[in-house]
Amino acid sequence: MRSVSSWVVGVVLPGWLAGASAAALTLPVPPAQPRPPTARTPPMTPDIPATFTVPTSEWDYQKREVMIPMRDGVKLHTVIVVPKGAHGAPIILTRTPYEAKKRAERFVSPHILASLPMGDEVFAPEGYIRVFQDVRGKYGSEGDYVMTRPLRGPLNHTAVDHSTDAYDTIDWLVKNLPESNGKVGMIGSSYEGFTALMALVDPHPALKAAVPMCPMVDGWKGDDWFHNGAFRQTNFDYLYSQTTARGEGKQIARGAYDDFQLFLSTGSAGDFARRFGIDQLPFFDKLAEHPAYDEFWSAQALDRILAALPLKTPTMYVTAIWDQEDMYGGIHTYLATEPKDTANDRNFLVLGPWRHSGVNYDGTTLGPLKFEGNTALQFRREVMQPFLDERLVDGAPKAATPPVLVFETGTNVWRRLPRWPLSCEAGCDSTPQRLYRSRRGPTCGGACRAGRCRARRAVARRRSGSISSRSCGSDSVRRRSVPRPSMNTYRIRPSPCRTCRAPCTSATPTRGGAGS
């Protein structure tokens with residue numbers, strides 16, 4: 001076959017030039033290119049592989065997911081985060097209904113400090129093994145979910161509860177984690193604080209410390225479901241999310257922005273439950289069937305239960321001063337168990353300036369209030385961490401943990417105290433004094449111990465601006481100087497009846513109210 005160039009020459013040039021020019025103008029033909037090899041991945045191969053393994057050689061921790069068997073054969077899903085190269089490491093355990101896998105992954109990161117929750121930032125870099133476990137019946141765990149499952153007894157005829165599950169879990173961990181030193185601590189807030197307390201009912205010998213934070217203790221007196229018998233309708237969302245599915249539950253399709261208007265237009269709590277299907281949930285039925293403080297509540301009250309048991313495990317009760325959900329539990333369980341702490345070295349109380357569970361987050365502010373520094377981090381770093389180290393880390397020094405740590409609002413400083421409360425009606429260093437909002441102060445309204453007289457009141461105004469009021473057995477009330485002149489703060493000085501000069505048997509506040 002002739003080349004293109006020779007064809008052109010033969011057609012265009014005269015014949016006598018064609019032969020000579022063809023040889024000169026002929027272009028070389030490039031060699032044939034080899035065909036590409038057949039592709040190894042066919043075009044229609046599914047793009048989601050059957051398995052995928054994340055490269056973790058550069059990570060500073062290992063993450064393991066295991067199913068730990070309980071005594072009744074049910075297996076509980078557990079996520080274990082082990083620092084790379086760990087040896088003789090203590091274990092921190094949290095048993096949660098809020099998905100263990102998510103609790104162990106704040107950020108997707110090769111660094112353990114970023115992966116674990118913010119509240120773990122003090123002990124995460126210190127070589128602790130961190131464990132999160134789904135409670136029975138939630139997320140990856142087998143079994144049935146019963147909200148705040150009661151202890152074995154009149155309300156629970158099965159062989160298991162949160163106490164046995166904690167015991168079995170700790171037993172498995174210390175026997176199957178070769179990186180550990182066999183010592184376990186439990187921490188957790190709210191429901192997780194409840195599971196930490198349940199572990200204290202019959203604690204495993206390896207459980208050396210517990211830090212229940214804002215724990216749910218008595219669901220009628222002041223935690224979660226009722227506050228002194230008043231049903232908390234804001235818990236409808238919690239019931240919906242926790243009990244409509246084994247995993248993440250549903251959200252209420254409100255169709256309204258303002259909850260107050262929604263509650264008002266719907267009617268009663270029962271009407272609200274029927275409107276949104278909450279009446280299909282067994283736990284709502286339990287709440288509705290026990291509106292009064294009966295055995296259903298008293299038999300589950302952990303402050304009463306733990307008060308009747310030996311004090312075996314050093315426990316630090318952490319309570320938030322402005323806890324809107326579980327204000328009752330922590331401080332009342334501390335008060336119930338404190339008489340057993342004769343050496344003052346096993347029972348500890350912390351009162352911090354936080355919202356519910358705020359101890360685990362940033363503590364520089366609370367709404368419009370601003371504190372000097374991160375109060376939550378101060379506690380976690382300077383108090384909780386040494387407390388855990390002393391009891392869990394081999395060879396750790398003794399911590400200077402105060403029996404009571406209280407954040408004093410106003411002065412905004414932490415107070416390290418020997419006991420709590422400092423003031424009470426009997427048995428304390430001082431007795432409480434009433435402060436009255438009314439300038440008139442209190443009036444007796446009753447008979448005097450000596451003589452009989454009718455309550456009389458006389459108000460004297462002085463040039464200094466201070467105000468005193470007297471009646472039968474009334475107190476002399478003097479206003480203290482305060483930074484804001486619009487505020488009325490009083491110092492109460494008891495004085496006898498101005499008629500019979502004898503103290504009153506009782507005193508009642510005047511119109512304007514009283515506070516303690």
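In this predicted model, a salt bridge (a side-chain nitrogen of Lys or Arg within 4 Å of a carboxyl oxygen of Asp or Glu) joins the side chains of Asp 161 and Arg 152, with an N to O distance of 3.2 Å. Asp 161 is buried at a relative accessible area of 2%, whereas Arg 152 is partly exposed at 42%; here buried stands for under 20% relative accessible area, exposed for over 50%, and partly exposed for values in between, computed with a 1.4 Å probe on protein chains only. Because the model is predicted, local features need pLDDT of at least 70 and side-chain atom pairs count only at pLDDT 80 or more, while totals for chains, interfaces and linings use all residues. Residues are numbered from 1 along each chain as its sequence is written, and side-chain values use heavy atoms, with hydrogens and water left out.

The structure holds 21 salt bridges, among them one in which the side chains of Arg 380 and Glu 121 meet at 2.7 Å, N to O. This pair links distant parts of the chain, since Arg 380 lies in helix α14 (residues 375–392) and Glu 121 in the loop between α4 (112–115) and β4 (129–134), 259 residues apart. Helices (H or I, at least four residues) and strands (E, at least two) are DSSP runs, numbered from the N terminus. Arg 380 is buried, with 0% relative accessibility, and Glu 121 is partly exposed, with a relative accessible area of 28%. A further salt bridge brings together the side chains of Arg 391 and Glu 390 at 3.1 Å, N to O; Arg 391 is buried at 15%, and Glu 390 is partly exposed at 22%.

In soluble globular proteins, nonpolar side chains tend to be buried together. A nonpolar core is taken as a set of buried Ala, Val, Leu, Ile, Met, Phe, Trp, Tyr and Cys residues joined through side-chain atoms within 4.5 Å. The largest such core has 66 residues, of which Trp 225, Phe 236 and Ile 278 touch the most other members, and helix α6 (residues 191–198) gives the most to this core, with 5 residues. Another core, of 25 residues, lies apart from it and includes Val 122, Phe 123, Met 316 and Leu 388. When residues up to four places away in sequence are not counted, the contacts (heavy atoms within 4.5 Å) of Trp 225 include Met 147, Phe 231, Tyr 238, Phe 283 and Trp 297.

Most residues other than glycine have a negative phi, and most peptide bonds are trans. Asp 224, although not a glycine, has a positive phi of about 60°; this residue is found in the loop between β6 (207–213) and β7 (226–227), and is buried at a relative accessible area of 9%. Asn 344 likewise has a positive phi, near 60°, and is placed in the loop between α13 (329–337) and β10 (347–352), where Asn 344 is partly exposed at 28%. The peptide bond from Trp 420 to Pro 421 is cis, with omega near 0°, and Pro 421 is found in the loop between β14 (413–417) and β15 (435–436).

Grid points are joined across faces, edges and corners, and a volume is the space filled by probe spheres set on the points. The second largest pocket holds about 490 Å³ of space and is lined by 21 residues, of which Arg 103, Glu 192, Ser 357, Asn 360 and Tyr 361 lie nearest its centre. The largest share of this lining, 3 residues, comes from β5, and by class the lining of the second largest pocket has 6 nonpolar, 8 polar and 7 charged residues. Ala, Val, Leu, Ile, Met, Phe, Trp, Tyr, Cys and Pro count as nonpolar, Asp, Glu, Lys and Arg as charged, and the others, Gly among them, as polar.

The count comes to 2 cavities of 30 Å³ or more. The largest cavity has about 100 Å³ of space, and its lining has 7 nonpolar, 3 polar and 2 charged residues, including Leu 200, Pro 203 and Lys 340.

Key. On a 1 Å grid over the protein atoms alone, a cavity is a set of points where a 1.4 Å probe fits but cannot get out, and a pocket is an open set with protein on both sides within 12 Å along at least five of seven lines; lining residues have an atom within 4 Å of a point.
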